[in-house]
Amino acid sequence: MASDYEGADLVVVNTCGFIESAVQESLDAIGEAISKNGKVIVTGCLGKEADKIREMHPAVLAVTGAHAYDEVIRAVSLHVPKPDRSQDAGYDPKIDLINEAGIKLTPSHYAYLKISEGCNHRCTFCIIPSLRGDLVSRPIDSVMNEALALKNAGVKELLIISQDTSAYGLDLKYKTSFWNGMPLKSKFYDLCQALNDLGIWVRLHYVYPYPHVDKVVELMGEKKLLPYLDIPFQHASHRILKAMKRPAHSENTLARIHAWREICPDIVIRSTFVVGFPGETEEDFQCLLDWLVEARLDRVGAFTYSEVEGAVANDLPNHVPEEIKQERYERLMTLQQDISAQKLQEKVGKTLMVLVDEIDSEEGIAICRSYADAPEIDGHVYVDEITAQVKVGQFLTVTIDDASEYDLFASYKG
Ligand code: SF4
């Protein structure tokens, strides 16, 4: 695997076709790869729009779709010179190019672990079910084998991902498999317990607020799982949630959040929201702002609603004008910025364990994350006056000295 275009024999661009901005970003990435390297294979969701890709970028060598692992390997084998080991009669590019922990695009100390693919919901703004199909969970022994291989390869933090993490195993009827000589059910709770037993950080993404999530929060309260939940609430107005056809839209999410904080006071909740969904009135939006004030979430991302080709929501009445969407987006982010700043201020003076992501040796600082920060989407903990012994992927215990709206600043006593 090369870290830059110049060092690569060929570039594989993994695309996303979820929303219009993602399509554009994917097309731009293909263009950049062609101009910087020249040999480009396109894969991922946008691959279903092969004509569109070829029309804009006729130089691409191959276009494959989502999960087209074999096709990608075939295209790579066709267009790049085989390594010397190919003289070996037993050489198989599917195996020999991949180490025990599989192909990882993340730094060596953390990794994403996908536990299922597809989704049984039909949110009106989303086309993932039409791209990826209904929920298909991986058998639990396969998930655990990959998790253990990643741990053995030096991974310190697993980020559990899927389209609907809390629905894990539903399609398998929670089938029991054997792993490590022990029976294990293909069930969200059992999976969380087994992953925790690996003794590394396990961070849950894309969880929906179903009642059975309470039991998993209990594990967090017992310090058996990283107390971090990424829950895409998307809105707070019941009218809008219903129009979005969101999973668990009728749940009283505020009551649930309060209950989780009773069970696990340290829990950190991250979420994303869409503003300006068709039909969203000022009253609906105000309901979302009031909800955010009450919920005091730790991390929030927001997007203005944008149409996705093929999504049901495109045909809903009363689309919100762009300038109103933008104005609502800014109001939401300003409000949340204050909440985030207050919550981070509460951490000043506390001692936290952090994981080192990067070292800035010129400045003498380590750029780290605590349990409250997922990579790439949350803030950082900047630790100053580090010693030469501090390395990427190491856990440090630090004292928080200061906070900004999204980041913490800490000192390390060695
Ligand atoms: S839960 Fe809704 S938004 Fe998420 S993947 Fe399923 S249909 Fe799409």
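A barrel is closed by 5 strands in the order E14-E15-E16-E18-E17, with mixed pairing, where strands are DSSP runs of E of at least two residues, numbered from the N terminus, and two of them pair if DSSP finds at least two bridges between them. From one strand to the next the twist averages 50°, an angle between N-to-C directions that can run from 0 to 180 degrees, with axes fitted as lines to C-alpha atoms. Strand E14 (residues 351–360) and strand E15 (residues 365–369) run antiparallel and are joined by 5 bridges; Leu355, for instance, has Arg369 in E15 as its bridge partner.

This is a predicted model, in which local features need pLDDT of at least 70 and side-chain atom pairs count only at pLDDT 80 or more, while totals for chains, interfaces and linings use all residues. Residues are numbered from 1 along each chain as its sequence is written.

The domain assignment divides the chain into domain 1 (11–96), domain 2 (110–345) and domain 3 (351–411), with bounds that come from an automatic or database assignment. Taken over C-alpha atoms, the centres of domain 1 and domain 2 are separated by 30 Å, and 7 residues of domain 1 are in contact with 6 residues of domain 2, contact meaning that the C-beta atoms, placed from the backbone, lie within 7 Å. On the side of domain 1 that touches domain 2, there are 4 nonpolar, 2 polar and 1 charged residues.

Around the ligand are Cys119, His121, Arg122, Cys123, Cys126, Ile128, Pro129, Gln163, Asp164 and Pro247.

Conventions: A residue is near a molecule or strand if its C-beta atom, placed from the backbone, lies within 6 Å of it. Two residues are in contact if their C-beta atoms, placed from the backbone, lie within 7 Å. Ala, Val, Leu, Ile, Met, Phe, Trp, Tyr, Cys and Pro count as nonpolar, Asp, Glu, Lys and Arg as charged, and the others, Gly among them, as polar. Helices (H or I, at least four residues) and strands (E, at least two) are DSSP runs, numbered from the N terminus.
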